[in-house]
Amino acid sequence: MVELISKVEADYVPNLTTAARDPDVQLIVGVGFLLSDALAQVAQRFPNKNFVGIDTFAQSIIKEKFPAKYPLPNLMDIVYEEHKGSALVGALATLLAAHYNKPYIGGVFGIEIPVLWKFEIGYKWGARWATEWMFKNKPDKAFKYRTDFVLWTYTGTFSDIPKGYAAAKAMYAKDAVAVYNIAGPLGLGINQAVQEIAKARGLKMGPPFWIGVDANQDWINPGFVIASMMKRVDKGVYYATKFVKDGKFRDLVKQTKGTLVLGIGTKVAGELTEGISVSTLADLDEFIKMGQTAEKLTGKKVLPAPPAEIRAKVKAMREAQPQWIWAAVAELEKKIREGTVTVPLVLTKPDIEKWRKELG
Amino acid sequence: MKARWHLPRPLIESLVTIFIGLTAGALLMGAFGYSPLRAYQALFIGAFGTPADVLETIAFATPLMLTALTFSVGIRAGLFNIGAEGQMYLGAIGTTFVAGMVSLPPGIHIAAATASGMLFGAAWAMIPALLKVWRGVHEVISTIMANWIAFHLSTYLAINFLGDPTRADRTVPALPTARYPVLTEDATLTAVIFVAIAFCAAIYLYLWGTRAGYELRLGGENPDAARYAGVNANRVILLSFVIGGLAAGLAGASQIIGRPPAWSLYATLGNVATLGFDGIGVALVGRNHPLGGILAAFLFGALAHGGRLMEYQAGVLSELVRALNGIIVVTLAVPEVWAMLRRRRIR
Amino acid sequence: MVGREIVPRVSRSSRPPGDPVLIVRNLQVANDQGALAVKGISFEVRAGEIFGIAGVEGNGQSELVQALAGLRPIRSGEISLNGAEIKHLTPLDLYRLGGAHIPEDRLRFGLALNFDLAENSILSRQREPAFSTRMGRLNWNAILSYARQLVERFNVLAPGLHTPVRSLSGGNQQRLLVGRELSKEPVLVIAVHPTRGLDIASTVYIRELLVQMRDEGKGVLLVSADLDEVLEISDRIAVMYEGQFIGSGKVEELSREEIGLMMGGITPKGRDESALASSPTSD
């Protein structure tokens, strides 16, 4: 495997071209929705190579611009149902708020680009679902959903960690029970805000909590990361590689019209191929193992504590929460899987305006 | 106009420092266990190996020669205009608006979209210029602040007013009538390169061939002598910011209507971000000369495009590729910064 | 001064001066700190005479000249140049009305060191129609031939017209500057420390040029800290002390010693300011 990191958007096409020109390369994976146009262009120029985009919509570009070629046989977009995962953690945070009698939950976002809208609305929708669930199942602790219940901030950055800290600090100051990190490294800033409170009050575990995103971030501060909304990019690349090795890639492109959706209960050719979930203890073990490997390779400390201790702390934190909370989240997941509820997928300006009016 | 070549000596100096920079880069790579020879071979082949690569190198150079011009004209006028970044964002916005939301006949559309970007860039440059003229605000502070404001303003405009309703990640694309023709399918270079070079050449002729250019350079070279010569200092400030803004605006325009495949502005501004700051290094290497900037931009384009093959073939980590770029830039910048400091001390 | 014995004297014709080209009345000028540096000075410079201002540096000479050259605002008083009353003088007004200015610090005001010789030859003349068109294009052919002329006429030693002025010697820099100013065909030349720091040949040459200007009927205002220079080529002399003229008179009426005392702030007996500041009675 050869890796090329794009420093700027203008690198996309040349980077993909460089990889495609290499005669030994069979599969080229472009990671990130911004590569869509570049993938659509380069895949056409190299029909013998296979291209995969993570989070991309290159096939829809082909459909729009070159309808005769759609779907391009050597191109597969892999997309994830982040809105569903966000709904699950939104519900989790809300149930925690109910349990601990806290007035708010929070979300710290990066730059306000439309791809984050599905996280935002998914999270808020899950929160509202949870308040309704409470009325049916735990009426003594139930409260009505308010449009100011979810505190949310677009920090305007994906890299400036202190901004994540400042945003989260304000939320915890209002006594938010948990803050969802939708800004990558800014999670470290959120963690710092939590850490300060934990230190001041001598806490061993939350509340307050925060919620990880993309990877399993539960290990970063065991006891204070209630869970992570996991989006398994690794699985997407794994599936794609497997399809190419098994010689099924182009058939599957034809079957799926070139777009593979990985989410909750998603299937390809009858096989379950999921990519979105709320982290579990088992996931944590997998990530701890990755951390150990990384420590071996780099010789640097990656994990904040010995693996057994991390695991024990996370386990204790999870067990300290009432069982009905986890059950309710599982119920929502089941309903999403069955299709008895539909999490809104917000991609456009009119949609976000409409949903913000409804959910705050 | 008589030939007035100032280039040769600075050119030789620049070539020597390029050599020093590459040598230092080789030592660095050697220290990390890479083969410098293999790496530089890959760098060269990557940048110039095929005609398509040469064109791609030039495509990377296109916006850089313009943002370098912004900085150069500022320095020539004695101003530290580091606002190319923000002026370029606004240029991209101005171009996107005309290219994507206005219908015009072919030909006119390209010209109008280009002009709109340049005017937006110049208009944004007027903020620090007027702050300097009216309130004496130092341009370094005001341009840095204007860059940040431009970033958030442009992101906001890109999403809320120029957003593509069918695409969450970017603005409406430029209509086909507003796009510069792609020169070859194998590279992302378009005819906008000719506009960029023509603009740099025009500014060169303006600075050295007109009274206003003479006065602008005099104002930067020796403000007291400029006063003695009856030059209006405020006029010099405004003029240099306007030219710089036009150049940065054109740089922004070039990435919207002159660079496939997106033909639009990403909502993250990702396809224009950092080009303005990169221009400062290019300007230093080009000795703050509009034509030197073109040559320096080619060099930077070669590093940017050739670097990927270095990374790919020689396995040099991308961080090290970037460090190498940095070393060469710093080495190249040293004589110019040194000269600027010396000039300041003498005064 | 080392040069006193060595520098050959400059010969000059004796002829009566003409009408005043510069009239200054009750001029007040502030320094950079806002304090009054020129405290109500009045004088005239006539056509065909050199009016020398002697004095220890820092007694307001710089502020006085900068005000006359349009580089510093005046606080009060009147300036009349070549018959025109001027309230807010700018450098361009000075040049337009026939003034030339050899500034005290050639490196600060008079030249742009990194500009080449040709570019420096039109510094302050760049707007003249001979050098730039109405559309604002520089006429390089005219500029280069003019620069070549300057180099030849004023014996500027330089490798070429595109040599940066930085690499010329001080004497050649000053020859270029003086030549440029004198070739403006001025009616009034303001020269400040015109030979400071120069080699003997250049010093003599520039003094000769100033005297030649006088002989051609131009008014010359000479400000110099070099008393010998002032004594040697001036027709009339005023001594500036603490922002005022402490004494003045025809060069032949004043002794070196008297002037020296006045430079130190001591007014010789029998001379008071009002008598000395009045214009000479040569007519």
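Predicted model: local features only at pLDDT ≥ 70, side-chain atom pairs only at ≥ 80, totals over all residues.

Trainee: Which chains share the most contacts?

Mentor: Chains A and B, of the two pairs of chains in contact. Two residues are in contact if their C-beta atoms, placed from the backbone, lie within 7 Å.

Trainee: And how far apart are the closest C-alpha atoms of chain A and chain C?

Mentor: They lie 38 Å apart, and no contact joins those chains.

Trainee: OK, A and B. How many residues of each are in contact?

Mentor: 26 residues of chain B are in contact with 26 residues of chain A. On the chain B side, helix 3 (51-76), helix 6 (139-160) and helix 12 (290-313) each supply at least two residues. Helix 12 of chain B gives the most, with five residues. Helices (H or I, at least four residues) and strands (E, at least two) are DSSP runs, numbered from the N terminus.

Trainee: What about the classes on that side of chain B?

Mentor: 11 nonpolar, 10 polar and five charged residues. Ala, Val, Leu, Ile, Met, Phe, Trp, Tyr, Cys and Pro count as nonpolar, Asp, Glu, Lys and Arg as charged, and the others, Gly among them, as polar.

Trainee: Now the side of chain C that touches chain B. Which helix gives the largest share?

Mentor: Helix 4 of chain C, with three residues. Overall, 23 residues of chain C are in contact with 18 residues of chain B. That side of chain C divides into 12 nonpolar, eight polar and three charged residues.

Trainee: Switching to whole chains. How many helices and strands in chain B?

Mentor: 13 helices and zero strands. Its C-alpha atoms fill a box of roughly 60 × 55 × 40 Å along the principal axes. Buried residues make up 58% of the 347 residues in chain B. Buried means that 20 or more other C-beta atoms lie within 10 Å of the residue's own; exposed means 12 or fewer, partly exposed is in between, and C-beta atoms are placed from the backbone.

Trainee: What's the radius of gyration of chain B?

Mentor: Chain B has 20 Å, which agrees with the value near 20 Å that a compact globule of 347 residues would have. The radius is taken over C-alpha atoms, and the globule rule is 2.2 Å times the number of residues to the power 0.38.

Trainee: And chain C? What's its count of helices and strands?

Mentor: 11 helices and 10 strands. Its radius of gyration is 19 Å, close to the 19 Å that the globule rule gives for 283 residues, so chain C is as compact as a globular protein of that length. Buried residues make up 48% of the 283 residues in chain C.

Trainee: On to chain A. What's the strand order in the open sheet of six strands?

Mentor: 5-4-6-7-8-12, with mixed pairing. Two strands pair if DSSP finds at least two bridges between them. Strand 5 (150-154) and strand 12 (276-278) of chain A stand at the edges, each with a single partner strand, so one side of each is left without a neighbour in the sheet.

Trainee: Which residue is the bridge partner of Val213(A)?

Mentor: Met229(A), in strand 8 of chain A. Met229(A) also stands opposite Val278(A) in strand 12 of chain A. For Met230(A), the bridge partner in strand 12 of chain A is Ser277(A).

Trainee: Last one. Which residues of helix 3 of chain A are buried?

Mentor: Ala58(A), Gln59(A), Ile61(A) and Ile62(A). They cover an arc of only 155° around the axis, which puts them on the same side of helix 3 of chain A. That arc is of the directions from the helix axis to the C-beta atoms. What covers them includes helix 2 (36-45) and strand 2 (50-54) of chain A.

Terms used:
Residues numbered from 1 in each chain as written. Chains lettered and ligands numbered in written order.
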